[in-house]
Amino acid sequence: MKLQRKNRVRALAVGALAVSGALALTACGSDNTSGAGGGAAGKPSNIKCEGKGKLLASGSSAQKNAMDVWVQNYAGACKGTEINYQPTGSGAGVTTFLQGQTAFAGSDSPLKPDEIAKSKQVCKGGQAIDLPMVGGPVAIGYNVPGVDNLVLDAPTLAKIFDSKITKWNDAAIKKLNPDAKLPDLKIQAFHRSDDSGTTDNFTKYLKGAAPGDWKHEPAKKWEGTGGQAASGSAGVSSQVKQTSGAISYFELSYATAGKIPTVKLNTGAKTPVDATVGNASKAISEATPAGKGNDLALKLNYTTKAEGAYPITLVTNEIACDKGNKPETLAATKSFLTYVSSKDGQSALKQLGYAPLPTEIADKVRKTVATLS
């Protein structure tokens, strides 16, 4: 954790200070449009501050490092509203939102039909909608002594995470890495213990790209056989960092912060694909609309074989009511979500290992945020 904090502070030195734990920062209270806080590059962010009071939100831990920056920048530009985002995991965030306890939620998976139906009890006269906000690769981090360049494919990953492959010198891994000195070492596969959108996206990839080897249905709750569990992206990445033979899945920002090597994927393209922001953006650009009306949910392509396209990606959605938002938090919610979807808000993401939204999607998000009522 100390290593993560140190790395984050260094990465954000030009524009914002990293914060840890729940975010409780003072933010806007007047119509200050000068954006005194600046973005991650130190430029004016043109944040329009509206609303006063306490804004509570929770959910995706995948976007925590992005929220660190956004809330810090927003607080620097505005005074008067306390923004508190807690990275409790996508499942817990959606549940809390549907109970009417938060102004918005972060989820790495689009809302399900039953969740949308339930939201009508909270969103009086409306319903909850998905607002794509953060994109990026789900990296496969590993800790194998003597191996700093590792290639795996979907079938092999499926077998590893379902306890069908248990040693690092297994023949299937050797075939993909003929020049690597693979040790006779037990594989320690870690998965999320909490309901997680990252788990949902990772298992969607396994099911889509290796259906013959991954028999479980994709879900926020881990369904694989065996393995060990840890809470949150911070938890599983920390276990990989400190456990010889470990492997797990988490957002690239956690791999970068922890200096954890990541797997290159053999997707069927000519060259194995690295987990990078640019490669994830190529895959996300193939996403298609999946929502109805104001719901901007996206369907990702987990089986792309395009050169340089990294297929294990996720898009974190902010979940809010299209109509029926609480009057006491509506103005601040719109103000904050307008900033994070803006060019300045999105440009702060690249250095953290996130992929800014494609321009067309970001434009739709801003227009939809403006209509929230």
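The model is predicted, so local features need a pLDDT of at least 70 and side-chain atom pairs count only at pLDDT 80 or more, while totals for chains, interfaces and linings use all residues. Residues are numbered from 1 along each chain as its sequence is written, and side-chain values use heavy atoms, with hydrogens and water left out.

**Overall fold**

- The protein has 13 helices and 13 strands, where helices (H or I, at least four residues) and strands (E, at least two) are DSSP runs numbered from the N terminus.
- Of the 373 residues in the protein, 56% are buried; buried means under 20% relative accessible area, exposed means over 50%, and partly exposed lies in between, with a 1.4 Å probe and protein chains only.
- Among contacts (heavy atoms within 4.5 Å) between residues at least 6 apart in sequence, 75% join residues at least 24 apart.

**The disulfide**

- The count comes to 1 disulfide, a term that stands for a pair of cysteine sulfur atoms within 2.5 Å.
- This disulfide is formed by C123 and C321, whose sulfur atoms are 2.0 Å apart, and with -70 degrees about the S-S bond the link is left-handed.
- The pair links distant parts of the chain, 198 residues apart, with C123 in the loop between helix 4 (113-119) and strand 5 (128-142) and C321 in strand 13 (residues 313-321).
- Both C123 and C321 are buried.

**Aromatic rings**

- The structure holds 9 aromatic pairs; rings of Phe, Tyr and Trp (its six-membered ring) pair if their centres lie within 6.5 Å, and planes under 30 degrees apart count as stacked, over 60 as edge-to-face and the rest as tilted.
- The rings of W214 and W222 have centres 5.5 Å apart and planes at 55 degrees, so this pair is tilted, and both residues are buried.
- The rings of W222 and Y249 have centres 5.8 Å apart and planes at 20 degrees, so this pair is stacked.
- W222, in the loop between helix 7 (197-209) and strand 8 (228-230), and Y249, in strand 9 (residues 246-251), are 27 residues apart, and their pair links distant parts of the chain.
- Both W222 and Y249 are buried, and together with F161, F202 and W214 they form one aromatic cluster.

**Helix 3**

- In helix 3 (residues 90-98), 7 of the 9 residues are buried, so this helix is largely enclosed by the rest of the structure.
- The buried residues of helix 3 are S90, G91, G93, V94, T96, F97 and L98, and what covers them includes strand 2 (53-59), strand 4 (104-107), helix 4, strand 5, helix 7 and strand 13.
- Helix 3 is followed by G100, whose phi is positive, near 80 degrees.

**The cavity**

- A search of the whole structure finds 1 cavity of 30 Å³ or more; on a 1 Å grid over the protein atoms alone, a cavity is a set of points where a 1.4 Å probe fits but cannot get out, and lining residues have an atom within 4 Å of a point.
- The largest cavity holds about 30 Å³ of space, a volume being the space filled by probe spheres set on the grid points, which are joined across faces, edges and corners.
- Its lining is made of G135, G136, P137, E251, L252, S253, L314, G353 and Y354.
- Strand 5 gives the most to the lining of the largest cavity, with 3 residues, and strand 5 and helix 9 (252-258) each supply at least two.

How values were computed:
1 Å grid on protein atoms, 1.4 Å probe; cavity = no way out; pocket = protein on both sides within 12 Å on 5 of 7 lines; lining within 4 Å.
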